[in-house]
Amino acid sequence: MPTDSSPAHAPLPSLPSDHRELVLKVIPMPADCNANGDIFGGWVMAQVDLAGAVLPARFVRGRMATVAVNQFIFKQPVRVGDILSFYSQVTRIGRTSITVMVEVFAERISSQGQYLKVTEASLTYVAIDLEGRPRPIPADAKSAWTAPA
Ligand SMILES: CC(C)(COP(=O)(O)OP(=O)(O)OC[C@H]1O[C@@H](n2cnc3c(N)ncnc32)[C@H](O)[C@@H]1OP(=O)(O)O)[C@@H](O)C(=O)NCCC(=O)NCCS
């Protein structure tokens with residue numbers, strides 16, 4: 001099981017199998033590249049925002065908006081053809097907001113059977129009403145959640 005204590009650039013033998021949930025898989029295309037030929041950081045950020053919204057959507061049950069990217073770390077470049085796996089975990093539920101940690105792992109042709117952690121990010125989503133104002137997270141959804149140890 002990969003952990004954050006792994007050396008920063010060490011390949012991992014497997015994808016997470018713990019409390020983190022797989023919320024998105026995608027393969028970047030040449031059109032997503034920057035001038036260096038690596039994948040454009042803005043593309044990665046957009047995918048992380050989409051992936052990060054999945055778990056909050058279950059709690060919010062309605063409209064929501066991204067209010068903050070609290071942290072975003074590009075640990076390693078992403079390449080065309082990488083099979084990217086986005087794992088997410090809810091780290092906090094407040095009155096109207098939900099914060100998640102998203103971790104992205106790359107499966108690369110040149111390192112078959114190994115996984116590189118390329119990105120990690122923390123984002124906060126807010127439940128909003130029809131006028132776009134914050135609204136409380138439904139109490140029953142909130143009470144079903146336990147904070148990670
Ligand atoms: C999301 C939005 C409705 C929140 O309105 P607001 O007046 O800032 O709301 P509040 O100050 O009452 O905060 C609402 C929640 O967001 C959290 N929040 C606000 N600013 C935050 C920040 N910078 N970082 C983390 N959390 C934040 C608050 O802690 C609160 O959470 P809680 O109720 O769980 O404690 C408003 O900021 C907005 O519409 N932003 C634009 C959203 C958007 O367009 N996103 C897409 C960007 S492309």
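In this predicted model, strand β1 (residues 21–26) pairs with β3 in the antiparallel sense over five bridges. Within that pairing, Leu24 stands opposite Phe86 of β3. Strand β3 also runs antiparallel to β4, to which ten bridges join it. The two strands β3 and β4 form a hairpin, with three residues between them. Arg92 has Thr99 in β4 as its bridge partner.

| Strand pair | Sense | Bridges |
|---|---|---|
| β1 and β3 | antiparallel | five |
| β3 and β4 | antiparallel | ten |

Phe86 belongs to the largest nonpolar core, which has 26 residues; Phe86, Val48, Val102 and Val104 touch the most other members. Two or more residues of this core come from each of α1 (41–52), β3 (83–93), β4 (97–107) and β5. Not counting residues up to four places away in sequence, Val48 touches Phe86, Val102 and Val104, as well as Thr119 and Ala121. In soluble globular proteins, nonpolar side chains tend to be buried together.

The ligand is surrounded by 13 residues, of which Ala68, Gly94, Arg95, Thr96 and Ser97 are the closest. The elements giving two or more residues to this shell are β2 (64–74) and β5 (115–127). Strand β2 gives the most, with four residues. By residue class, the shell divides into six nonpolar, six polar and one charged.

The UniProt record, an unreviewed entry, places the feature "domain: HotDog ACOT-type" at residues 18–131. Over residues 18–131 the chain is 46% strand and 17% helix, and the end C-alpha atoms are 38 Å apart.

Definitions and conventions:
Residues are numbered from 1 along each chain as its sequence is written. This is a predicted model: local features need pLDDT of at least 70, side-chain atom pairs count only at pLDDT 80 or more; totals for chains, interfaces and linings use all residues. UniProt positions are given in the numbering used here, feature names are shortened, and annotations may be inferred rather than shown by experiment. A residue is near a molecule or strand if its C-beta atom, placed from the backbone, lies within 6 Å of it. Ala, Val, Leu, Ile, Met, Phe, Trp, Tyr, Cys and Pro count as nonpolar, Asp, Glu, Lys and Arg as charged, and the others, Gly among them, as polar. A nonpolar core is a set of buried Ala, Val, Leu, Ile, Met, Phe, Trp, Tyr and Cys residues joined through C-beta atoms within 7 Å. A residue is buried if 20 or more other C-beta atoms lie within 10 Å of its own, exposed if 12 or fewer, and partly exposed in between; C-beta atoms are placed from the backbone. Two residues are in contact if their C-beta atoms, placed from the backbone, lie within 7 Å. Two strands pair if DSSP finds at least two bridges between them.
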